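Please open the model in a viewer and keep the selection panel at hand. The stops below are arranged so that each selection leads to the next.

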Amino acid sequence: MTPSDDPALVRVLAADGTFAPTAEAERYVPLIEALSDAELETFYRDMVVVRAFDRQATNLQRQGQLALWPPSFGQEAAQVGSARAARPQDHLFPSYREHVVCTIRGVDPIDIIRVMRGLTHGGWDPTDPKNGNTHIYTLVLGSQTLHATGFGMGLAFDGRSGSGDVERDEAVIVYYGDGSSSQGDVHEAMVFAASYATPQVFFLQNNHWAISVPVTTQSRSPLFRRADGYGMPSVQVDGNDVLASYAVSRVALDEARAGGGPRAIEALTYRMGAHTTSDDPTKYRTSDEERAWAERDPIARMRAYLQARGAADTFFAEVDAEAAAYADDIRTRTNALGDIDRDVMFAHVYSEPHPLIDEQRRWLSDYEASFEGGN
């Protein structure tokens, strides 16, 4: 599998960072040209900082501080562009790899760490305004698309979309991957979204591998075409181009929010790292493939674009320093988290007291007491 150079793809920045919109991208150019230097620099800053966070979290897992870590290395542009395109009142439903989506919206990164450390069932409260309407991670493939569609139906029923007021109307964006696109949940969600004209965007990050299964095995046609069967407008975008990701997502969200019904986006990107830290990608993909995608690195592409626009070297140095400090803070706070409170794992399993939970709690207590020193 090699990166797509299909002219039908929405791409604004070429792999070398030059501004070279494809024919399909022309309609989005005015939206991109309206971005300020500060906004463009924010896109770059977001990507660099989350990559530093991602590497630190991977290292922490290797050192036994986390049970698991799903890297987002290589997918930063798809996530940053789409998250920055959402308006404050919008609702975001991630899967389990959208680290920068969550942090852009206000989620404390240590709350993501707590999930992967096994200290919490959820991580953060989606109803707390500080978390920017960001719903919690789900490791059940595709289930978040059902949650998002149900929420979108609620928005439509309650008249919280479709008025034409972009400052008030609400929309939903849900993230999933090419592997999840083969799950029945995703298609059931699309059926209801189309039937009830939900104010929703299905954002598919096609990183080309469902663990060890290539996307060419999963689908004989481009994944964004699946939305055609539901009468859902869809577009395929270069997911390593943060500007294209932003523009396509902003238009799709605005159209959905205004009452146009659901939209679908397929962002062509690449998982440069492992599926999770329990995976070894060298067992199923080639170094030639990885090199081909490394040449289209989203951060290097945006950096070249900003440099051509005259961004100062001091800006890039400041971003690198900020990213390093961010990663160091994560390491410090992770090491200070400590162990799980035993009772947490039994909380909120049922809404009312349940004898099975009481039995399990007693069993664990007896089991731990059987060790020398009761620990």
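A crossing of two helices is called left-handed if the near helix is turned anticlockwise from the far one by less than a right angle, and right-handed if it is turned clockwise. The model on display is predicted.

**First stop: α2 and α11**

Select helix α2, residues 37–62, together with helix α11, residues 298–308. Their axes come within 10 Å and cross at roughly 150°. Angles over 145 degrees count as roughly antiparallel, and α2 is therefore roughly antiparallel to α11. In the sense defined above, α2 passes α11 in a left-handed crossing.

Next, display the side chains at this contact. On the α2 side, select L40, E41, F43, Y44, M47, V48 and R51. Facing them in α11 are P298, I299, M302, R303, Y305 and L306. By class, the residues of this contact comprise 10 nonpolar, no polar and three charged.

Now select L13, which is found in the segment before α1 (29–33). L13 has a relative accessible area of 1% and is therefore buried. Beyond its neighbours within four places in sequence, L13 is in contact with T18, F19, D241, L243, R301, M302 and Y305. For a distance check, select L13 and D328: they are 315 residues apart along the chain, and their C-alpha atoms are separated by 32 Å.

The structure holds 17 aromatic pairs. Select F53 and Y326, whose rings form an edge-to-face pair, 6.2 Å centre to centre with 85° between the planes. F53 lies in α2 and Y326 in helix α12 (residues 313–335), so the pair ties together parts that are 273 residues apart in sequence. Are these two residues buried or partly exposed? F53, at 1% relative accessibility, counts as buried, whereas Y326, at 25%, counts as partly exposed.

Then select Y44, F315 and F316, which form one aromatic cluster.

Move to helix α6 (residues 143–157) and helix α7 (residues 184–195). The two helices pack at an angle of about 15°, with their axes 7 Å apart. They are therefore roughly parallel to each other, and α6 passes α7 in a left-handed crossing.

In α6, select S143, T145, L146, T149 and M153; in α7, select D185, V186, E188, A189, F192 and A193. The residues of this contact divide into six nonpolar, three polar and two charged.

**Sixth stop: two backbone positions**

Most residues other than glycine have a negative phi. Select A197, in the loop between α7 and β3 (200–206), where phi is positive at about 50° although the residue is not a glycine. A197 counts as partly exposed, at 39% relative accessibility.

Next, select I211, in the loop between β4 (209–210) and β5 (213–214). Its phi is near 55°, again a positive value in a residue other than glycine. I211 counts as partly exposed, at 41% relative accessibility.

Finally, select helix α3, residues 76–85. Nine of its 10 residues are buried, so α3 is largely enclosed by the rest of the structure. The buried residues are E76, A77, A78, Q79, V80, G81, S82, A83 and A85.

To end, select S365 in helix α13 (residues 355–369). S365 is partly exposed, with a relative accessible area of 31%. From S365 to A86 the C-alpha distance is 46 Å, and the two are 279 residues apart in sequence.

Notes:
Residues numbered from 1 in each chain as written. Predicted model: local features only at pLDDT ≥ 70, side-chain atom pairs only at ≥ 80, totals over all residues. Heavy atoms only, no water. Axes fitted to C-alpha atoms, helices over the stretch in contact; angles between N-to-C directions. Helix = DSSP H or I, 4+ residues; strand = E, 2+ residues; numbered from the N terminus. Phe/Tyr/Trp six-rings, centres within 6.5 Å; stacked < 30°, edge-to-face > 60°. Buried < 20%, exposed > 50% of the residue type's maximum accessible area, 1.4 Å probe, protein only. Parallel < 35°, antiparallel > 145°, perpendicular 65-115°, else oblique. Contact = heavy atoms within 4.5 Å. Nonpolar A, V, L, I, M, F, W, Y, C, P; charged D, E, K, R; others polar.
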